[in-house]
Amino acid sequence: MLALLDKEPNISAQHVEGELIRLEAENQPGVLAVISAAHKIDIATAVSYRGKYPKMDFLCGYRKSCIWPGDTIEILQEARIGWGSAATLTSAVLEGKANIASHKTYFFWDRLLRQYWSVQKVIREYDRIYQITLKTGTVLRIGMIADYEPTADAVRSLWDEFGSVDIVLNINPNGNPSAEAVNAGAELGCKVIKWEELKNYLKTA
Amino acid sequence: MTQRKAIPAETKLRLFSEASGHCQNPDCLEPLFPVELGGAKHIAEMAHVVPHGEAGPRREDRPNDSFDPDVFENLILLCPTCHTKIDKDPASFPRNILLDWKENHLANLATKQGIRAYVNRCIAREAIAGFMAENKAIWNRFAPEHGTDFNYDPESEVAKGWSKRMRSVILPNNYRIQAIIRANLGLATEDERRIFAEFQEHVRGLAERHVCNVSGRAIRFPKAMEDMFL
Ligand SMILES: [Zn+2]
Ligand SMILES: [Zn+2]
């Protein structure tokens, strides 16, 4: 993690105690961040960090595999503690908004789903898993994959880890799912699509 | 040729790869993803050597009646100017001339780009270093997962920028790197030859992805390419 911060010349980092570090960027308030190696940050984990480091501004799950359940996200946001990946932390420090920052990978998509006209209700089950209810009453479970080009394996892993979904949304604006990924989705019983296709689907579903 | 049916993606890809992103007329060799268009659009036209229609240019060069005009062997990639030229004056541009252009295209392009065999690894390295550095700089900024300017933002301009730069800068640079290494394979070690083969596969996948919109086939840039001829 400190190696990662080394690449960011505009941030200075110092170790405070345990998993707590202090980050500073020019003209921005200092940030107390907890750097967690956990693969999953559930409520118990988050609460214990808060007990240990009551002044933390940001909770960072630095592993690429780190998963955040929806209820953890909710209590962190209510407590005005930022959360997310190492990349989220570095840009939040530079922008001076660590307390309100949320996982960069999913941030725009969370807003997009909540603001979409045909969506009535949004439940965030995990950072990347949503259950949405449309105005027509249709309920959809959506899983997001951030990979550049999701593979069949990425689609199957999502199902293994989070259970069945109706739609796998490839949220990388540069990428497209491979034909194999689309086929794997069809075998499992879900669509593997991009935002444009989802939008059309939400209009009629 | 407005009446042509769709040409298969594999044929397109093969044509584009062999043309290395340049018009195959040796007197032209213009880039087909011009920098002035920002890489957003290409100007490449797939021209038929012998035509579909009864009255098309070079009709009399047709080998036999069962000949399929849409096969790779009967297509050549040209800029619009050259396409017009060869179709308006078929007498000056018969089948054998066009096939000859295609056959010698890579050699013609290498000559125009000043690519040749060098006396030692050090000079060969210098010849590719600038193109590799430019590609890497673009990658660091725009890379589709970890670039400093990249965000998972569906409305992001960066995503479009990446694709354009891929076609107007990265791919042409890669073709040029390929041509330089090919001309200097004699200087490469056994390992480097293997890495070069991987690199060629990587470039083929990039073209498939960014020119023909076929995803998921590209292999990653082989890291060891960074040390080629070092
Ligand atoms: Zn034509
Ligand atoms: Zn031309």
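The lining of the largest pocket divides by class into 20 nonpolar, 13 polar and nine charged residues. (Ala, Val, Leu, Ile, Met, Phe, Trp, Tyr, Cys and Pro count as nonpolar, Asp, Glu, Lys and Arg as charged, and the others, Gly among them, as polar.) This is a predicted model, where local features need pLDDT of at least 70 and side-chain atom pairs count only at pLDDT 80 or more, while totals for chains, interfaces and linings use all residues. Residues are numbered from 1 along each chain as its sequence is written, chains are lettered from A, and side-chain values use heavy atoms, with hydrogens and water left out.

Let's stay with that pocket for a moment. Its 42 lining residues include Lys64(A), Ala87(A), Glu145(B), His146(B) and Tyr152(B), which lie nearest the centre. (A pocket is an open set of points on a 1 Å grid over the protein atoms alone, where a 1.4 Å probe fits, with protein on both sides within 12 Å along at least five of seven lines; lining residues have an atom within 4 Å of a point.)

Asn27(A) has a phi near 60 degrees, a positive value in a residue other than glycine, and Asn27(A) is exposed, with a relative accessible area of 72%. Ser20(B) has a phi near 50 degrees, also positive in a residue other than glycine, but Ser20(B) is buried, at 7% relative accessible area. (Buried means under 20% relative accessible area and exposed over 50%, with partly exposed in between, using a 1.4 Å probe and protein chains only.)
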